[in-house]
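Take a look at the model below. The text then walks through its pocket, a helix pair and a side-chain contact.

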Amino acid sequence: MGYMEEQIQRLYEGTEDEQKARTELIGLIIRDICELPDRTSPDDEPDLLLVTIQELDIILRRHLFGEE
């Protein structure tokens with residue numbers, strides 16, 4: 001099993017409440033990325049999220065560590 005498969009499997013470990021909390025957190029992170037200004041996905045890849053490393057770092061720190 002590869003690294004990503006292991007990480008995905010870990011999402012489904014733990015109690016139902018823990019799974020729900022992780023799913024909610026991931027949804028909030030994805031929402032924040034989608035709401036970055038002036039971003040348009042290519043027509044042939046509408047699910048592509050465009051984010052810089054710095055932007056992703058800020059979003060993750062906000063959600064994972066409560067940093068502003």
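The lining of the largest pocket divides into eight nonpolar residues, one polar and one charged. This is a predicted model. The volume of that pocket is about 240 Å³. Its lining consists of Met4, Gln7, Ile8, Leu11, Arg22, Leu25, Ile26, Ile29, Ile30 and Ile33. Two elements give two or more residues each: helix 1 (3–11) and helix 2. Helix 2 gives the most, with six residues.

Now follow helix 2 to its packing partner. Two packed helices are described by the angle between their axes and the distance between the axes. Helix 2 spans residues 16–34, and helix 3 spans residues 53–65. They pack at an angle of about 145°. Their axes are 10 Å apart. The crossing of helix 2 with helix 3 is right-handed.

Which residues in helix 2 meet helix 3? They are Leu25, Leu28, Ile29, Asp32 and Ile33. From helix 3 come Leu56, Ile59, Leu60, Arg62, His63 and Leu64. This contact holds eight nonpolar residues, one polar and two charged. Leu25, Ile29 and Ile33 take part in this contact, and these residues also line the largest pocket.

Stay with helix 3 for one more residue. Glu55 lies in this helix. What does Glu55 touch, leaving aside its neighbours within four places in sequence? Its contacts are then Leu36 and Arg39. With Arg39 there is a polar contact, side chain to side chain, at 2.4 Å.

Conventions. Residues numbered from 1 in each chain as written. Predicted model: local features only at pLDDT ≥ 70, side-chain atom pairs only at ≥ 80, totals over all residues. Heavy atoms only, no water. Axes fitted to C-alpha atoms, helices over the stretch in contact; angles between N-to-C directions. Helix = DSSP H or I, 4+ residues; strand = E, 2+ residues; numbered from the N terminus. Left-handed = near helix turned anticlockwise from the far one by under 90°. Contact = heavy atoms within 4.5 Å. Nonpolar A, V, L, I, M, F, W, Y, C, P; charged D, E, K, R; others polar. 1 Å grid on protein atoms, 1.4 Å probe; cavity = no way out; pocket = protein on both sides within 12 Å on 5 of 7 lines; lining within 4 Å. Points joined across faces, edges and corners; volume = space filled by probe spheres on them. Polar contact = N/O pair within 3.5 Å; in protein donor to acceptor, adjacent residues only side chain to side chain.
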